Amino acid sequence: MKISRWFAQHWVMGVALLVLGYLFLPIAVVAGLSFNRPSSRLSYDFNEFTLDNWRNPCATSDMCDAVLRSVQIGFIATVAATALGTLMAFALVRHRFRGRSGLNVLIFLPMATPELVMGTSLLALFVAGGVPLGFWTIVIAHVMFCVSFVVVTVKARLAGMDRRLEEAAMDLYASEWQTFRRITLPLVLPGIVAAALLAFSLSFDDFIITNFNSGTTVTFPMYVWGAAQRGIPPQVNVIGTAMFLIALLLVLASSLRGRRARRAAVAVPVARPSSRS
Amino acid sequence: MARETPAGDLRLANLTKKFGAFTAVDDLSLTIPQGSFFALLGASGCGKTTTLRMIAGLEEPTSGQVLLADRDIARLRPYKRPVNTVFQSYALFPHLDIFENVAFGLRRRGIRSVDQQVRQMLSLVQLDGYERRRPAQLSGGQQQRVALARALINHPQVLLLDEPLGALDLKLRRQMQIELKRIQTEVGITFVHVTHDQEEAMTMADTVAVMNAGRIEQLGAPAEIYEFPATAFVANFLGQSNLIAGEVAGGNGGEILVTAHGGRFSVPAARARSNQGPVHLGVRPEKLHLAGTAAQVPAGCQYLDGTVSDASYVGVSTQYLLRTGWGTEVSVFAANSGAQQRFVPGDRAVAYWDPRHSFLLGRRTGEDDRTSPVLDEPVGASS
């Protein structure tokens, strides 16, 4: 009796834990293997605990070059895609023009197109145009597939913004630029930041499109792919775990900020005992 | 920047705004004296908010002028005008605290030391101590007062209020009406108040303009408009009126004779907007009194007889519907001062009035009686 009631009350929790386990097991494996000293190059067993991989993540130097290159590409692609996508989002939300609704559909197209198709067609384009493949063709490709995600993210934020706030600012002596700087930008910024983070993570781990358009340039995902043929160095797990931790920290920081703001909102004492409501 | 120009009246001259084929504001001309509390009253879609937005600079007129102290400001950007607005939804900046919201206008004009002014303004609207809160942490009434403080701190020549009390509940609205009026008297700035609430317009404004379909139907002091409406629209938008369809049958010195539904009535010539052809004879429900028989009607009064079809006791008064011989139901408000006879549905009664309390309006041929049912749509009585 007691047991069945306990079960009735807690089974949802149990399912939730199982799902969480399913989601996080691979990450736990990566984190665990980052502390492993493998017995041989092709062995994935946990052999012996060590901190060497973390102390010296760049033991295989070409891997760190690849990581650095991926970060560079990710950074440039993020800045470019965020700038372009944000402008695009403003145009789509704020201006009425012919073909606007058509454009709204077109924006979704790159997201729906299989990466394989985009990768091959871009390659065909670069080759036909005589563009040498390498660092910059990767950047161009990444900007292209990131822009759509940025547009969609920023657009959602912008569409939820009350136009009257801008009118109120203009009414209160703010010029167009001041209105943008003081009202529009701060209110849309969370959307832009979210879009930028999304763009970076998309760029950082893209493999398929990059693989078609990289020439001899090696990004981190391509390095891992190549290394897998001859045994992945344990440092790859260090990079993977570190990326995960950075992402986790960002998420924690933003939710902590949100919670603190909310707590401040609740904690403000009533200023006067009998103030009017 | 606001106070250097000579103070003056706000004048709208032939102001017109078209949205495509739709004319929102139609050749509007009016003068709002400096320091007055002016209300633009009308149903939604009558053009009152568009008019306000043109004064604020948020909408560009199709043609016409907005003159402030004889300077045309109709084509200036909103931030170049000595005019501020309290928006319907308040439009407080959600990412700034109350202090920064109120200081916004001063800061944009490059004023550095805003501290004292902001605190002064917050205490004028009775919100001292709330400086560091965010708008979302305030109640509707408090947000409304922040919006007011944020506009007033700039000492505009004209303050525009767009349905500022619309989002508040009834009790708070009454309280804010009194407060707004107090603040207006205190600061002496011209207030232009847009509202669809006739009671709000009448309690607060010195001058009310009733708008309909982009035009002004009537402009005047609240009592003047209420007691002697210019059109049937005004008569029924501002309070309620019983409008009986009739024809002018001649004049008799200072009186105009009217025949309506077989009866003959007279109206003082000074109370007539039209003295020929088809007319509406109007009497406000509270100007009608009920008596049991025609013999009880005081000398000099005129009357209609009928059957009481509904009686609604609402505390301060009893609201009756009297069905006349030709089927129209007229509204009668009887104050519950204790002296009157009470009637119940089915009673025969006469409704009488002093002719000096009636008025005569022009009527389009074919237009019938117009009475607005007072009681909450009694079942079966509306059709």
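Two strands are said to pair if DSSP finds at least two bridges between them. In this predicted model, strand E3 (residues 37–41) of chain B meets that condition with strand E9 (residues 207–212) of chain B, for 4 bridges join them and the two run parallel.

With strand E8 (residues 190–195) of chain B, E3(B) pairs in the parallel sense over 5 bridges. Here B:Phe38 has B:Val192 in E8(B) as its bridge partner.

Helix H4 (residues 140–152) of chain B has 13 residues, and the distance from its first C-alpha to its last is 18 Å, close to the 18 Å expected at 1.5 Å a residue. Of the 13 residues of H4(B), 12 are buried, so this helix is largely enclosed by the rest of the structure. Among them are B:Gln142, B:Arg145, B:Val146, B:Leu148 and B:Arg150. The cover over the buried residues of H4(B) includes strand E6 (83–86), helix H2 (98–108), helix H3 (115–124), strand E7 (158–162) and helix H5 (170–187) of chain B.

The loop between H4 and E7 of chain B contains B:His155. This residue has a positive phi of about 45° although it is not a glycine. B:His155 has 16 other C-beta atoms within 10 Å and is therefore partly exposed. A second residue of this kind is B:Ala69, which has a positive phi of about 50° and is likewise not a glycine. B:Ala69 is placed in the loop between strand E4 (63–68) and strand E5 (71–72) of chain B. With 15 C-beta neighbours inside 10 Å, B:Ala69 also counts as partly exposed.

Attention now turns to chain A. This chain has 11 helices and 0 strands. The radius of gyration of chain A is 25 Å, well over the 19 Å that the globule rule gives for 277 residues, so the chain is more spread out than a compact globule. Along its principal axes, the C-alpha trace of chain A spans about 75 × 75 × 40 Å. Buried residues make up 29% of the 277 residues in this chain. Among contacts in chain A between residues at least 6 apart in sequence, 76% join residues at least 24 apart.

A:Thr82 lies in helix H3 (residues 61–94) of chain A. Because A:Thr82 has 25 C-beta neighbours inside 10 Å, it counts as buried; the cut-off for that class is 20 or more. Leaving aside neighbours within four places in sequence, A:Thr82 is in contact with A:Val150, A:Ile192, A:Ala195, A:Ala196 and A:Ala199. The C-alpha atoms of A:Thr82 and A:Phe200 are separated by 9.7 Å, although these residues are 118 residues apart along the chain.

Is helix H4 of chain A largely enclosed or largely in the open? Of the 13 residues of H4(A), the number buried is 1, so this helix lies largely in the open.

The contact takes 21 residues from chain A and 24 residues from chain B. On the side of chain A that touches chain B, helix H7 (163–171) and helix H8 (176–204) each supply at least two residues. H7(A) gives the largest share of that side, 6 residues. The residues of this side of chain A divide into 12 nonpolar, 3 polar and 6 charged.

Chain A averages a pLDDT of 87, and 93% of the residues score at least 70. Over residues 266–277 of chain A, however, the pLDDT is below 50, and this stretch has 9 contacts in the model beyond near neighbours in sequence.

Methods:
Residues numbered from 1 in each chain as written. Chains lettered and ligands numbered in written order. Predicted model: local features only at pLDDT ≥ 70, side-chain atom pairs only at ≥ 80, totals over all residues. Contact = placed C-beta atoms within 7 Å. Nonpolar A, V, L, I, M, F, W, Y, C, P; charged D, E, K, R; others polar. Rg over C-alpha atoms; globule rule 2.2 N^0.38 Å. Expected span 1.5 Å × (residues − 1). pLDDT = per-residue confidence, 0-100.
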